[in-house]
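Have your viewer open and your selection tool ready. We will go from stop to stop, and at each one I will tell you what to pick and what is there.

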Amino acid sequence: MRVFLLRKDYTGTGIYPLSQKERNYLFRVLRLSVNDVFTAKDSQEHYYKAFLFDENTITLEETAEPEETLLDNLSSYQGPFTPLNAFISVLKGKKNEMEVRALTEMGVRKIILMETEFVQTPLSGHQRERLVSIIREAVQQSGSREPELIGPVSFQEALAKAEGRSIILHQSTIVGTEKLSAVLQGITPDTPVSFMIGPEGGFSDKECDEAVEKGLIPVLLATNILRAETAAIYTAAAIQAIMQN
């Protein structure tokens, strides 16, 4: 379901001043008018009946029935998602933007950006802010919960943040490599799953060894050769599908 995502600084008061970007979204993208009513939610997953009071302000009333004022008839999945933590290497150009948008729409809980050995271009502050903006847009479009964006962090810091059933996707032969479906056997849908995707060219052998030493399970996907950004989306989708069946 499509909802309007409130800023994180919203304190729960009934009056919400709109930023210029939010005004553009409501009036130009959604084509709403003053006095229209729609559904909003905050970063804590509280839903509100939102009234477009004027061009600069909306008023909010918390509601337990957000479906009553939805902007469309689309429905999002309301069941539990496996708490997924996606560790993605910084990529060139706009590839991370595609990853982050798709992972957000799919309900990933955390997105951790990594600076791994073969990363070619560091992530700038402007690029990170762009990813934050993309997450907000994806949440408003999909109705998903807003994921936490972390990093960029070093590969060693990323290893320390991995939790639950933790896997590293690789492109070479590593002793103990498992299939994805086998790695996920025996865990409940509410078990956190962390997966790491390398940059263009993949992880280095040293990084793979470090990950295995830290207890991560090496996985080789039974697919064609995938681009890094495609591999992240494929893996998240595959995990969700396996864990929900």
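Select Glu45 to begin: this residue counts as partly exposed, at 26% relative accessibility, because that class lies between buried, under 20%, and exposed, over 50%. Bear in mind as you go that this is a predicted model. Glu45 sits in the loop between β3 and β4. Check its backbone too: phi is near 70 degrees, a positive value in a residue other than glycine. Most residues other than glycine have a negative phi, and most peptide bonds are trans.

Two further backbone stops follow from that. Pick Asn35, which has a positive phi of about 85 degrees although it is not a glycine; you will find Asn35 in the loop between α1 (20-29) and β3. Then jump to Gly151 and Pro152, which are joined by a cis peptide bond with omega of about 10 degrees. Pro152 belongs to strand β8 (residues 148-154).

**Into strand β3**

Now select Thr39, in strand β3 (residues 37-41). Is Thr39 buried or exposed? Thr39 is buried, with a relative accessible area of 0%. Leaving aside neighbours within four places in sequence, the residues in contact with Thr39 are Val3, Phe4, Tyr47, Tyr48, Pro66, Thr69 and Leu70.

**The sheet around it**

Switch to cartoon view and follow the open sheet, in which five strands run in the order β1-β3-β4-β5-β2 with mixed pairing. β1 (4-5) and β2 (15-17) stand at the edges with a single partner strand each, so one side of each has no neighbour in the sheet.

Which strand pairs with β2? Strand β5 (residues 57-62) does, in the antiparallel sense and over three bridges. Select Ile15 and look across to Thr59 in β5, then select Tyr16, which stands opposite Ile58 in β5.

Next, color strand β4 (residues 47-54), which pairs with β5 in the antiparallel sense over six bridges. The two strands β4 and β5 make a hairpin with two residues between them.

**A pair of helices**

Two packed helices are described by the angle between their axes and the distance between the axes. Select helix α2 (residues 95-105) and helix α3 (residues 125-142): their axes come within 9 Å and cross at roughly 35 degrees. The crossing of α2 and α3 is right-handed. On the α2 side, show Asn96, Glu97, Val100, Arg101, Thr104 and Glu105; these meet Arg130, Leu131, Ile134, Ile135, Glu137, Ala138, Val139 and Ser142 in α3. By class, this contact has six nonpolar, three polar and five charged residues.

Stay with α2 and highlight its buried residues: Asn96, Glu97, Glu99, Val100, Ala102, Leu103 and Thr104. Among the elements that cover the buried residues of α2 are β6 (84-89), β7 (110-115), α3 and α7. Just after α2, stop at Gly107, which takes a positive phi of about 90 degrees.

**Last stop**

Finish at Asn245, in the segment after α7 (228-243). Asn245 is exposed, with a relative accessible area of 82%. Select Pro189 as well: the C-alpha atoms of Asn245 and Pro189 are separated by 9.5 Å, with the two residues 56 apart along the chain.

Conventions: Residues are numbered from 1 along each chain as its sequence is written. This is a predicted model: local features need pLDDT of at least 70, side-chain atom pairs count only at pLDDT 80 or more; totals for chains, interfaces and linings use all residues. Side-chain values use heavy atoms; hydrogens and water are left out. Two strands pair if DSSP finds at least two bridges between them. Helices (H or I, at least four residues) and strands (E, at least two) are DSSP runs, numbered from the N terminus. Axes are lines fitted to C-alpha atoms, for helices over the stretch in contact, and angles run from 0 to 180 degrees between N-to-C directions. A crossing is left-handed if the near helix is turned anticlockwise from the far one by less than a right angle, and right-handed if clockwise. Contact means heavy atoms within 4.5 Å. Ala, Val, Leu, Ile, Met, Phe, Trp, Tyr, Cys and Pro count as nonpolar, Asp, Glu, Lys and Arg as charged, and the others, Gly among them, as polar. Buried means under 20% relative accessible area, exposed over 50%, partly exposed in between (1.4 Å probe, protein chains only).
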